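Student: I would like to go through this chain with you and ask, for each term, how the computed value meets its definition.

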Amino acid sequence: MPTPSPADAPAPEVTDIERALTRVASLTGRARQHERLMASAGVPLDRAAVTVLRQIADSEPLRPGELAGRLVVEASHVTRQVQQLQRAGYVTRVADRDDRRARRIELTPAGRSAVDRIQEVCRRGMRRSLADWSPEELRDLAALLHRLVDDFLAHVESAAVEARALAAPA
């Protein structure tokens, strides 16, 4: 693997951002942290199931393939999580209005209640963590984080399109 040239080296700010994001991911991804969050919310789900549940809540009802696309994961991953959520009574499969053969995933009332409790516990922790921030700082952070996520998603999609083009037979 070739050594990157100094021109390709990331700016110190990019390195600092990557380090900060790694720290945030580590803090929020800790198993004990997740367990405490779920205990406080009264929702006995693993992290992957919570991610799927929250995505459904943000954009329901979705076909499983659409859900996998939004989460940027394999469809089989979504299928397992949806089955777990369905067994727990948090989601149900309903007929697609546009194509009766297809199914969409939507929240049940229990699923909506679980998402609401999870979000409230998360918001409570976030409010405590950001208590000393000004409203302007909070608005700026929110705008920058949304931009960051949008840019990441655009990059992921662009890379996926490029990979499909390279894999296509000539």
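Tutor: Let us begin with L85, which, apart from its neighbours within four places in sequence, is in contact with L45, A49, V52, L53, Y90 and V91; contact here means heavy atoms within 4.5 Å. This is a predicted model, in which local features need pLDDT of at least 70 and side-chain atom pairs count only at pLDDT 80 or more, whereas totals for chains, interfaces and linings use all residues. Residues are numbered from 1 along each chain as its sequence is written, and side-chain values use heavy atoms, with hydrogens and water left out.

Student: What makes the set with L85 and V91 among its most connected residues a nonpolar core?

Tutor: A nonpolar core is a set of buried Ala, Val, Leu, Ile, Met, Phe, Trp, Tyr and Cys residues joined through side-chain atoms within 4.5 Å, where buried means under 20% relative accessible area with a 1.4 Å probe and protein chains only. The largest such core has 26 residues, and those with the most contacts inside it are V43, L45, L53, L67, L85 and V91.

Student: Which elements give two or more residues to this core?

Tutor: They are α2 (31-41), α3 (47-59), α4 (64-71), α5 (75-87), β2 (103-107) and α6 (109-129), and α3 gives the most, with 6 residues. The names follow DSSP runs numbered from the N terminus, helices being H or I of at least four residues and strands E of at least two; by that rule the protein chain has 7 helices and 2 strands, in the order α-α-α-α-α-β-β-α-α.

Student: Why is V73 called partly exposed?

Tutor: Partly exposed is the class between buried and exposed, the latter being over 50%; V73 has 32% relative accessibility, and therefore counts as partly exposed. V73 lies in the loop between α4 and α5 and, not counting residues up to four places away in sequence, touches A68 and V78.

Student: How do you know how the protein chain stands against a compact globule?

Tutor: The radius of gyration is taken over C-alpha atoms, and the globule rule is 2.2 Å times the number of residues to the power 0.38. For 170 residues a compact globule would come near 15 Å, but the protein chain has 19 Å, and its C-alpha atoms fill a box of roughly 55 × 55 × 30 Å along the principal axes. Buried residues make up 22% of the 170 residues.
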